Amino acid sequence: MSSRRTPLIPPRLRALLVRVPLLVPLVRFLRKSSSKDRHRLIVLVVATLLIGVLDVQVSAHWFAPALLVPVMLIGGLQLRLRSLGILLCAVVASLVYMAVAGGVMQLGPGTLITAAFTAVLAWIMARTRGKLGVQGLRGDAMLLELRDRLKRQSELPHLPKHWGGKVVLKQAGGSSFGGDFVVSVRQGDRVEVAVVDVSGKGVDAGTRALMLSGAFGGLLGSVDDFLYACNSYLHRQRGDEGFVTAAHLSLDLSTGEYLITSAGHPPVVKFDAGTGTWHVATAKGVVLGVVPDLHCEPDTGVLRKGDALMLYTDGLIEQPGRDIDAGLDRLLGEAERLLPSGYREGARQLVNSMSSGHNDDCALVLIWRP
């Protein structure tokens, strides 16, 4: 004997509901949407309509229209764009019910402007999340993870006790992202450091810096000619996204011998403990990505006890209306004044002193031999 299942909705009631405008498309949409998005939408729509009913029937003081603001913000963070559109329609319906049943005077211009502004903000949030394909605050968490990864990559590797090193990064506008970054690696007694400057500043250059830091970090220590490999990589990229300069240091920790190469970057400077003065390295080359075959003129030498090398970006020496050579002279003067008290403490003071009065990304790397 076969048994028939009792329909969830009686046929007469189903026939009546089908005639309700927009009800059938709404049900079909809810069936197609994901379960989590559907459940969130149902909860928020019920909360929205309940606020409107309680405002009119119970208390306009405790259930004011302002309660719809956090509901819309939650929808902007948690719902997909189409689901948010349904929620905003429910918000409009709730406000109309408050105005009709509770009195038009209850909804002043300030309330309507606040609701409209919040709706636009929630829509922008949902559309941005839709493009990223993330839910809630996951997009912000991803940026924080990328920022932390970039900071860890900028740290110098562990150096022997008879060596010292310090990295200072200062981004424009106090941002966590900028166009200046540092990559480094140590393999046995050899350490390699590269200071890179992407055109632009602050967040505008931060996206390219994030991408290039991963690529350059992979090349560093893996190829014989680091800047040549970076130039080849950039030259293969399509589009004109600005220029990139870099300075590369390869240092033997056992002997102190070093090799410096530069591609359109401000010159590396060396402190000679014997004379007590700073000298400008002669390494130079063309900006990365401009020509297919990069040719650099390297500079070599030896770091002896008390000597130091300083790599930096143009944010320390370049200011509007001032010659770069004058900026370099000021940098060397400030280094002679601040660094004798201690490289580790003086590095941050040097960056703050040189970057005061202008807003630009700055990076500085100091390696010394006590």
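The following questions and answers go through a predicted model of one protein chain.

Reader: Where does threonine 48 lie, and which backbone oxygen does its side chain reach?
Author: Threonine 48 belongs to helix H3 (residues 35–57), and with a relative accessible area of 0% this threonine is buried. Leaving aside neighbours within four places in sequence, threonine 48 is in contact with Leu68, Val71, Leu87, Ala90, Val91 and Ser94. At 2.8 Å, its side chain reaches the backbone oxygen of leucine 44.

Reader: How many aromatic pairs are there, and how far apart in sequence are the parts that phenylalanine 181 and phenylalanine 216 tie together?
Author: The structure holds four aromatic pairs. One of them joins phenylalanine 181 and phenylalanine 216, whose rings are 6.3 Å apart centre to centre with 50° between the planes, a tilted arrangement. Since phenylalanine 181 lies in strand E2 (residues 180–187) and phenylalanine 216 in helix H8 (residues 202–219), the parts that this pair ties together are separated in sequence by 35 residues.

Reader: Which residues form the ring cluster that includes Phe181?
Author: Phenylalanine 181 and phenylalanine 216 are both buried. Ring pairs link these two with a further phenylalanine, and the cluster consists of Phe181, Phe216 and Phe226.

Reader: What is the centre-to-centre distance in the pair of phenylalanine 271 and tryptophan 278?
Author: Phenylalanine 271 is buried, with a relative accessible area of 17%, and tryptophan 278 is buried as well, at 8%. Their rings form a tilted aromatic pair with 50° between the planes, and the distance from centre to centre is 5.3 Å.

Reader: Is aspartate 189 buried or partly exposed, and which residues does it touch?
Author: Aspartate 189 is found in the loop between E2 and strand E3 (190–198), and its relative accessible area of 45% makes it partly exposed. Its C-alpha atom is 9.2 Å from that of leucine 159, a residue 30 places away along the chain. Not counting residues up to four places away in sequence, aspartate 189 touches Leu251, Asp252, Leu253 and Ser254.

Reader: With which side chain does the side chain of histidine 265 make a polar contact?
Author: Histidine 265 sits in the loop between E5 and strand E6 (269–272) and, with a relative accessible area of 8%, is buried. Not counting residues up to four places away in sequence, histidine 265 touches Val195, Asp197, Thr245, Ala246, Ala247, Tyr312 and Thr313. A polar atom of the histidine 265 side chain lies 2.6 Å from the backbone oxygen of tyrosine 312. The side chain with which histidine 265 makes a polar contact, at 2.9 Å, is that of threonine 245.

Conventions. Residues numbered from 1 in each chain as written. Predicted model: local features only at pLDDT ≥ 70, side-chain atom pairs only at ≥ 80, totals over all residues. Heavy atoms only, no water. Helix = DSSP H or I, 4+ residues; strand = E, 2+ residues; numbered from the N terminus. Buried < 20%, exposed > 50% of the residue type's maximum accessible area, 1.4 Å probe, protein only. Polar contact = N/O pair within 3.5 Å; in protein donor to acceptor, adjacent residues only side chain to side chain. Contact = heavy atoms within 4.5 Å. Phe/Tyr/Trp six-rings, centres within 6.5 Å; stacked < 30°, edge-to-face > 60°.
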